[in-house]
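Here is a short briefing on one protein chain. Keep the sequence and the 3D view open as you read.

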Amino acid sequence: MLFISGQEIIIILVIALLLFGADKLPEIAKTVGKGMREIRKATDEIKQEIENSTKEVRDDFNDVADSIRKDVTEVTNSVQKQFNEAADAVDNEIKDVTDDINNGVK
């Protein structure tokens, strides 16, 4: 952003006064003000358009991320369930063998 000091503004006004005369300065100031408003309005519209389009992209990204999270959770739960079933089967086999050994020893 461009910042102009008070001295620079005074110099610009004096030069404008010398170039255009006192009678044209109000008209020039009005035209410059109108131009600045138009530029500000266009800038605001561009910012709004960028925000709207990035919102759509963010929403799409969040949807994809949620879908991936859901898929990963499902796979994780499936693997955990299979692991638990295998662990239970191994525990049951160990218990059966231990029972068989204990019954054979008695």
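Which side chain meets that of Asp-66 in a salt bridge? It is the side chain of Arg-69, at 2.6 Å from N to O. The model is predicted.

**Salt bridges**
- The count comes to three salt bridges.
- Asp-66 and Arg-69 sit three residues apart in helix α2, so about one helical turn separates them.
- Asp-66 is partly exposed, at 44% relative accessible area.
- Asp-59 pairs with Lys-55 in a salt bridge of 3.0 Å, N to O.
- These two, Asp-59 and Lys-55, are four residues apart in α2, about one helical turn.
- Asp-59 is partly exposed at 33% relative accessibility, and Lys-55 is partly exposed at 43%.
- Asp-99 bridges to Lys-95, with the closest N and O atoms 3.6 Å apart.
- Asp-99 and Lys-95 are also four residues apart in α2, about one helical turn.
- Asp-99 is partly exposed, at 32% relative accessibility.
- An α-helix has 3.6 residues a turn, so residues three or four places apart point the same way.

**Largest pocket**
- Its volume is about 290 Å³.
- α1 (6-20) and α2 (25-105) each give two or more residues to the lining.
- The lining has 11 nonpolar residues, with no polar and no charged ones.
- Among them are Ile-12, Phe-20, Leu-25 and Met-36.

**Helices**
- α1 has 15 residues and reaches 21 Å from first to last C-alpha, close to the 21 Å expected.
- Gly-21 follows α1, with a positive phi near 90°.
- Thr-73 lies in α2 and is partly exposed at 42% relative accessibility.
- The C-alpha atoms of Thr-73 and Asp-23 are separated by 75 Å.

Key. Residues numbered from 1 in each chain as written. Predicted model: local features only at pLDDT ≥ 70, side-chain atom pairs only at ≥ 80, totals over all residues. Heavy atoms only, no water. 1 Å grid on protein atoms, 1.4 Å probe; cavity = no way out; pocket = protein on both sides within 12 Å on 5 of 7 lines; lining within 4 Å. Points joined across faces, edges and corners; volume = space filled by probe spheres on them. Nonpolar A, V, L, I, M, F, W, Y, C, P; charged D, E, K, R; others polar. Expected span 1.5 Å × (residues − 1). Buried < 20%, exposed > 50% of the residue type's maximum accessible area, 1.4 Å probe, protein only. Salt bridge = Lys/Arg side-chain N within 4 Å of Asp/Glu carboxyl O.
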